[in-house]
Amino acid sequence: MPKENEILRSLAEIEPDIAKSTYWLPLILDLDQSTLKSKIPRKRIPQVTKGAAKAINENKHQEAVNQITLGLYLYPNRMADEIRRSGLFRSSKYKFHSNCLRRVLVDVLYEKTSLNLPQEFVNYGRSILNLTEVSKHIYKLNTSISSFIAKRQRVFLKTIVAVIEVIFMTEHSANTSLSTNQWEYYTKEDLADAASYLIFRFDDQIGIQDHHFNFIDEDALTRGYYHSIIVKSCKIRKFLEAEILIDAFQYQCKRQKHSYRIYAPNPQTEKSIRLGFIQREQYQAQMGMEFVRAISEGETSIIQQADLFYDRFHGDIVKFLTSPIQRYVYGLPNVPEFAEFISQDGLYLEEKYLLSEIRESESSTWEQLSHFKISDSLSVFDLTKVIRLFRFIGHLARRHLVPLLEDETHLVYRSLIPVYDEHKLNAILGWCLPPEKIRKFVDLMTWESGMSGLFDLQIKPIIRGGRQFLLPLNLLGTSNWYRNLPDKKKNRVLRTIEEDAVSQSLAEVIGRVCNYSRNNFQTKFDGEDVEIDVVARFGDILFIFECKHPFFPCSVHELRTSYDHIKKGSDTLTRIINYLIDRNFEKELYRRLGWDLEPAKEIVTCIVSCNGMFPGLSIDGHPIRRWAELRNMIESGVVQSFSINIKTDSNGFRIDEDEYLERNLWEGPKLTPEFLRRYISEDLLHGPIFRAMLEVERSYRIGNVNLRFSTFGLNPSVMQEELEKFSFTANHDTKTVQ
């Protein structure tokens, strides 16, 4: 019997009439539930959802309803979790065909009383039902894209990549005052994400081959067709984002006439997400300020070196060719200075900041980073040299082509993206890598036809046909290659470190203010393993911390991964708290720790978000705090608010700080247990920040409906007012930009 029929066979062993029945639920409700569970144990729920997905895909509506209602009746929570995790109710899973899915949802919700469905699941089903109305219009967009690809398959791929290459080359910035129908509204990252989806669709529909690297669709490009296609893709990506928000974060979709509003029932969820991204932007702005300061103080950047080489060797670097088509090509200056520039082991300014960001995000030391190997032989510094090479070549192209973009548009697009065979690519990479490392680099950075998973042009910017490689230089030169490692099943730095750096650092930081702290404590309670990242007794309060280290999310899919890490941390803390409710367990914990202490008056838990996401949110009573902020609250309690202006004068760059405000939240000369408790448990800092966040809306016109996202932005003037309410000023020199 086919695997998808195994569930039916198991049921028929209990109730033979089910094999002849169209609708299972009335028969199932009459059966003994414990007998049913013996035939269909909890571990088979993924099989149930796979069977339902197959039925929906084959337009077998009733078969899908049977599987789903069975799962919800037997294991309501497990089935609901699996539906969300697997994306069973996402129309994108069925290429945006939503008719069968709608019928399934209607029938499942009709049985909400019979199945005793919780209201949360009913709200979820209704939200998905509303979203399927939007998916009808997304289906039309997707069909339009497929038709465009089919008609222009000979030139589509290279043209799409060239459009994004120009957007990165000209350092496009989003203009959110425009309509979402205009490509200029979107960030360059949004546009690259949309192009990645289009390239994935092209590969799925056509298959990438060498001859797709030959020509640019110049006429359609001039008419703006490709930018319009990218905007359509941006809207599809927004719809996919809505699906994930509903599935992973319990967002809802509410219909309001011809609009469909995506919102978080708990505003704290959306505020914590936005605040995570806002604080990341503040950090990057601070790094940008430091970069400008370093340039003004004489440090050398790759871009400066590229400018010097272009000015000196322009005639040798850029060549104009007329055959087989008119275009510019770029050579590398075969001079000792260039070889020294590429191969030298010292770091240029851009590289220092990239590696500093990796080190900070992985909570590692420079020594640990320097010893880290991506593979048996390829090191972080090998990758740095290769990216240096392509950043250099990309800037040479920018210097030459940007001035020509307006008057010689077609020539610029033809000259943008070199195509190399393997021999030529190896020769170029040979400037900075020995032969045995070249293949490993190419494997890490290249997308090939038929690869599994969604394609990301910013992570895998090299595209391989058969024997040829398409290399968008500016995308490659700014590629976040480090984020590529998990996709390639490579280690991250933190996985090679024997002891968790953040838990070790947190234990040391809090150990300076209290006598009892321990990190990475492992023991057993009632025969079950218990691991505590950091436990500390400060005064009469017991603090328990769980540290989580996902990458900073660059997409809603990665945001979901971050959230999954946070939820695991919450589950761990809940399990520990359930043990410690019994004071005898708490006494036994102290005994095993070697601490001579009486039970605490209060136990405070905290999830430490090492990537900075979800600050201020609580999950199951466990507050989330950013690691950098938590460390600062323990070490200094100082927050600052100020705006930055970067100006140029006769002496070069000047950085001015305006509207400077500094406050010490400790309310005294030193950290107290009560302050740390209030900071973690009572939103001492995040309450004011959240009050300074004002609701805004992003609306995307899709067909004749609007897909609207309710979100929040930080109002600097309100934030300033909230900080001024703290009457205590800083009393020492520690400074942190908040």
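This is a predicted model: local features need pLDDT of at least 70, side-chain atom pairs count only at pLDDT 80 or more; totals for chains, interfaces and linings use all residues.
Local features were considered at pLDDT of at least 70 and side-chain atom pairs only at pLDDT 80 or more, while totals for chains, interfaces and linings use all residues. Residues are numbered from 1 along each chain as its sequence is written, and side-chain values use heavy atoms, with hydrogens and water left out.

Helices (H or I, at least four residues) and strands (E, at least two) are DSSP runs, numbered from the N terminus. Two strands are taken as paired if DSSP finds at least two bridges between them. In general, strands of a sheet pair through backbone hydrogen bonds, either parallel or antiparallel.

Axes are lines fitted to C-alpha atoms, for helices over the stretch in contact, and angles run from 0 to 180 degrees between N-to-C directions.

The pairing of β2 with β18, in contrast, is in the parallel sense and covers four bridges; here R261 has R708 in β18 as its bridge partner. Strands β17 and β18 (residues 705-714) run antiparallel and are joined by 10 bridges. The bridge partner of Y700 is L707 in β18, and E695 stands opposite F712 in that strand. A hairpin is also formed by β17 and β18, with two residues between them, and G703 in its turn has a positive phi of about 65 degrees. Strand β18 is mostly covered, with eight of its 10 residues buried. Buried means under 20% relative accessible area, exposed over 50%, and partly exposed in between (1.4 Å probe, protein chains only).

Another open sheet of four strands, again with mixed pairing, has the order β5-β8-β7-β6. Its edges are β5 (419-421) and β6 (446-448), each with a single partner strand, so one side of each lacks a neighbour in the sheet. Neighbouring strands are turned by 30 degrees against each other on average, direction ignored. Strands β7 (residues 462-464) and β8 (residues 468-470) run antiparallel and are joined by two bridges, and the partner of R464 in β8 is F469. Helix α20 (residues 422-429) packs on this sheet, touching β5, β7 and β8, and its direction makes about 100 degrees with that of β5.

The second largest pocket has a volume of about 990 Å³. On a 1 Å grid over the protein atoms alone, a pocket is an open set of points where a 1.4 Å probe fits, with protein on both sides within 12 Å along at least five of seven lines, and lining residues have an atom within 4 Å of a point. Grid points are joined across faces, edges and corners, and the volume is the space filled by probe spheres set on the points. The lining comprises 36 residues, of which D81, R84, E120, Q250 and K567 lie nearest the centre of the pocket. At least two lining residues each come from α6 (76-86), α8, α12 (225-249), α24 (556-580) and β13 (618-619). Helix α6 gives the most, with eight residues.

The structure holds zero disulfides, a disulfide being a pair of cysteine sulfur atoms within 2.5 Å. For C554, the nearest cysteine sulfur, that of C234, is 16 Å away. C554 is exposed, with a relative accessible area of 58%, whereas C610 is buried at 15%. The sulfur of C610 is 5.3 Å from the closest cysteine sulfur, in C547, which is too far for a bond.

S609 lies in strand β12 (residues 602-609) and is buried, with a relative accessible area of 3%. Beyond its neighbours within four places in sequence, S609 is in contact with K548, I566, I624, R625, R626 and W627. S233, in helix α12, is buried at 0% relative accessibility. Its contacts, again leaving aside neighbours within four places in sequence, are I145, A194, Y197 and L198.

Conventions:
Contact means heavy atoms within 4.5 Å.
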